Amino acid sequence: MEGFQRGLVHVIFVFLVHTQMLFDEEISTQMDPRIVCPFATSFVFKKMLYGCLAKMSGNKEHILNLLKEKNYTGTFVEVGTWTGDFAEALLKHTECKKLVCVDPYIFFNDFSYRDSINLKLHSDAEKYYQEAKGRLELVSGADRVEILRKTSMEAVHHFQEESLDFVYIDANHEYKYALEDILAWYPKIRSGGLLAGDDVFSTHIEDYNNNNNMLITFDKDSSTWGVFGVYPAVLEAQRKLGISFTIKGTQFYYENP
Ligand SMILES: C[S@@+](CC[C@H](N)C(=O)[O-])C[C@H]1O[C@@H](n2cnc3c(N)ncnc32)[C@H](O)[C@@H]1O
């Protein structure tokens, strides 16, 4: 029965998210050729759902290489840690003196986080937290890690201006939140530090709807999906901050002079 209820919540949530996406704004029809209608089994769904078969972000190595090359050894913050994949790589491949992983591990029930990860958090938030914690504890030099179970906007106040070597933004990827994160964490980067983030899936602005978002699915059965507005957020942040980000694959970054 519990499984049935969980399944029902998931179906309702996914349905509402996609309905919201429809009403978010008409999605441009001039989309990347990779774009498919993954759930499109009916006309109604075809109207509602657009997705993009995109590769899971595979270019985080570039950011790791930058950190190694420039020999960053201070405090790093990862905003959005999930099961600790990238956090583990940061610990293994850099000499950071501290890594703070910011992630609340909570289910957002207000449709503010439209992502299949949020659905997983609905039933198993504690499990994913424990998974990240257990995994990071096993890495050598694990005493360098702190998991801060807070949202990005709660956590940002824990850090002084210009105090961080590196901030990696990989939390809620919707335009509004990605922009909020870039603007809030930018002042925390020290001179010479690096601000970077994940999931720039398309640099064609016409792929985004009028709310600067697009719906992306990652696999053929569409079980992994999310609403992404990172690229428009990067553009807006550049305009607001008067700086210029580099985009390499799905990664964006800015080296503070
Ligand atoms: C894509 S996953 C992070 C993946 C991770 N950076 C990696 O590369 O292994 C996104 C994470 O962001 C977290 N998240 C969502 N909204 C957030 C917020 N407002 N503040 C901080 N973390 C958030 C989710 O709980 C989820 O664990």
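The buried residues of helix α7 pack against β3, α6, β6, β7 and α8. Those buried residues are Tyr175, Tyr177, Ala178, Leu179, Asp181, Ile182 and Trp185. The model is predicted. The protein has eight helices and eleven strands.

**The whole chain**

- The protein has 257 residues, and 39% of them count as buried.
- Take the contacts between residues at least 6 apart in sequence: 69% of these join residues at least 24 apart.

**Helix α7 against helix α8**

- Two packed helices are described by the angle between their axes and the distance between the axes.
- Helix α7 covers residues 175–185, and helix α8 covers residues 230–241.
- Their axes come within 8 Å and cross at roughly 40°.
- An angle between 35 and 65 degrees counts as oblique, so α7 and α8 are oblique to each other.
- The crossing of α7 past α8 is right-handed.
- On the α7 side, the contact uses Tyr175, Ala178, Leu179, Ile182 and Leu183.
- On the α8 side, it uses Val230, Pro232, Ala233, Glu236, Ala237 and Lys240.
- By class, this contact of α7 with α8 has nine nonpolar residues, two charged residues and no polar ones.
- An α-helix has 3.6 residues a turn, so residues three or four places apart point the same way.

**Around the ligand**

- The ligand is surrounded by 19 residues.
- The closest are Gly80, Asp85, Phe86, Ser152 and Ala171.
- Strand β3 (75–79), helix α4 (85–93) and helix α5 (116–137) each supply at least two residues of this shell.
- The shell holds ten nonpolar, five polar and four charged residues.

**Val79, a residue of strand β3**

- Val79 sits in strand β3.
- Is Val79 buried or exposed? Val79 is buried, because 25 other C-beta atoms lie within 10 Å, and 20 or more is the mark for buried.
- Leaving out residues up to four places away in sequence, Val79 touches Val102, Ser152, Val167, Tyr168, Ile169, Asp170, Ala171, Asp181 and Trp185.
- Val79 and Gly197 are 118 residues apart along the chain, with their C-alpha atoms separated by 9.0 Å.

**Tyr128, a residue of helix α5**

- Tyr128 lies in helix α5.
- Tyr128 has 18 C-beta neighbours inside 10 Å, so this residue counts as partly exposed.
- Its contacts are Trp82, Thr83, Tyr105, Lys120 and Leu121, not counting residues up to four places away in sequence.
- Tyr128 and Ile106 are 22 residues apart along the chain, and their C-alpha atoms are separated by 9.9 Å.

**Two loop residues with positive phi**

- Asn71 is a residue other than glycine, yet its phi is positive, near 55°.
- Asn71 is in the loop between α3 (60–69) and β3.
- Only 12 or fewer neighbours make a residue exposed; Asn71 has 9 other C-beta atoms within 10 Å, so Asn71 is exposed.
- Asp199 also has a positive phi, near 80°, and is not glycine.
- Asp199 is in the loop between β7 and β8 (214–217).
- Is Asp199 buried or exposed? Asp199 counts as buried, because there are 21 C-beta neighbours inside 10 Å.

How values were computed:
Residues numbered from 1 in each chain as written. Predicted model: local features only at pLDDT ≥ 70, side-chain atom pairs only at ≥ 80, totals over all residues. Near = placed C-beta within 6 Å. Helix = DSSP H or I, 4+ residues; strand = E, 2+ residues; numbered from the N terminus. Nonpolar A, V, L, I, M, F, W, Y, C, P; charged D, E, K, R; others polar. Axes fitted to C-alpha atoms, helices over the stretch in contact; angles between N-to-C directions. Parallel < 35°, antiparallel > 145°, perpendicular 65-115°, else oblique. Left-handed = near helix turned anticlockwise from the far one by under 90°. Contact = placed C-beta atoms within 7 Å.
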